[in-house]
Amino acid sequence: MVVDRDGYNDTSDGTVGLIDSIYYATVTLTTTGYGDITPVTPTARLVNAFLVTPLRIAFLVVLVGTTLEVLANEGRRIMRDTRWRKRMKDHVVVIGYGTKGRAAVQTLLSNGVDRERIVVIDPRAQAVGDAGNDQMAAFHGDATNRTVLRRAEVMTAREVIVTTDRDDSAVLVTLAVRQLNPTAHIVVAVREEDNVPLLRQSGADAVVTSSEAVGRLLGLSAVSPNLGEVMEDLLTYGEGLEVAERPVLGREVGKAPSSVPDRVVSIVRDGKVHRYYDSSVSVLAAGDKLIVVRPAKETPWAERPGADEQDE
């Protein structure tokens, strides 16, 4: 318009300058068109007809299309969340989808937990996208925010795994989760051993010190490479040896732990863990659970309904 300024007329002073050109371009593209600046020559009118008008239409198409897409995506998300909340109960919430979170999820899946029963919360968009690509429900946000936890239905979760990058965040998340769900089993990963008592006071049922565990594995590998290899085998899923929990079968009741075909490490009785050499569990009882070591090829070890009656 600046080039063809003589082809336009300004009703205020009759002339069109640079500022008038910017103003006219703005009101034209936004379809406002106050009529104070109008094309009066054939050239200016042709420019408006074949250049400005298509640009105006394209602008409207992009604006309306983008708005509809945003509204449609938001509507789909709301409907999906509503359907998901109706059927989600006794699920597992994993807070943090980094290296530790991914390993925890992989272990859950390998031990029979349905992928649809796992929900991920992470403040990083990339991690949320990765969880979505892994076909799991994922929410983007800070888990210290109770609104985010409510969206993930933490109130009805059975297990909550906290794998945040910082110990102070882990404490805040644990406090928030425990307040929303007094009965959930909360497992937390921390870096420093000194923070373990604080996490337990905050409501964590189990606390794993990642730095100390790695340091102990390094020390064992240095003292005895063979021992380090065995420990790494137990920690690596899918090959070699695996540790698992299974119920005592009917035919095993009344027998000593050493008589069981599996390598028994501990016995769980009335919710308390006993070492295999503990005299109080020298004989297995109905309702006990065994912590055993087995070849990885024999996993998963799911409980078999009615196995006790069949084996008796």
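Colleague: In β8, which residue is the bridge partner of Val190?
Modeller: Strand β7 covers residues 185-190 and pairs with β8 in the parallel sense over 4 bridges. Pairing takes at least two DSSP bridges, and strands are DSSP E runs of at least two residues. In β8, the partner of Val190 is Thr209.

Colleague: What pLDDT do local features need in this model?
Modeller: Residues are numbered from 1 along each chain as its sequence is written, and side-chain values use heavy atoms, without hydrogens and water. The model is predicted: totals for chains, interfaces and linings use all residues, side-chain atom pairs count only at pLDDT 80 or more, and local features need pLDDT of at least 70.

Colleague: In what order do the 6 strands of the open sheet stand?
Modeller: The pairing in this sheet is parallel. The twist averages 15° from one strand to the next. The order is β5-β4-β3-β6-β7-β8.

Colleague: Why is one side of β5 and of β8 left without a neighbour in the sheet?
Modeller: β5 spans 137-140 and β8 spans 206-209. Both stand at the edges of the sheet, so one side of each has no neighbour. The reason is that each has a single partner strand.

Colleague: At about what angle does α3 run to β3?
Modeller: Helix α3 covers residues 99-110; helices are DSSP H or I runs of at least four residues. α3 lies across β3, β4, β6 and β7. Angles go from 0 to 180 degrees between N-to-C directions, and α3 runs to β3 at about 160°.

Colleague: Which strands do the buried residues of α3 pack against?
Modeller: Buried means under 20% relative accessible area (1.4 Å probe). In α3 that holds for Gly101, Ala104, Val105, Leu108 and Ser110. The buried residues of α3 pack against β3, β4 and β6.

Terms used: Contact means heavy atoms within 4.5 Å. Buried means under 20% relative accessible area, exposed over 50%, partly exposed in between (1.4 Å probe, protein chains only).
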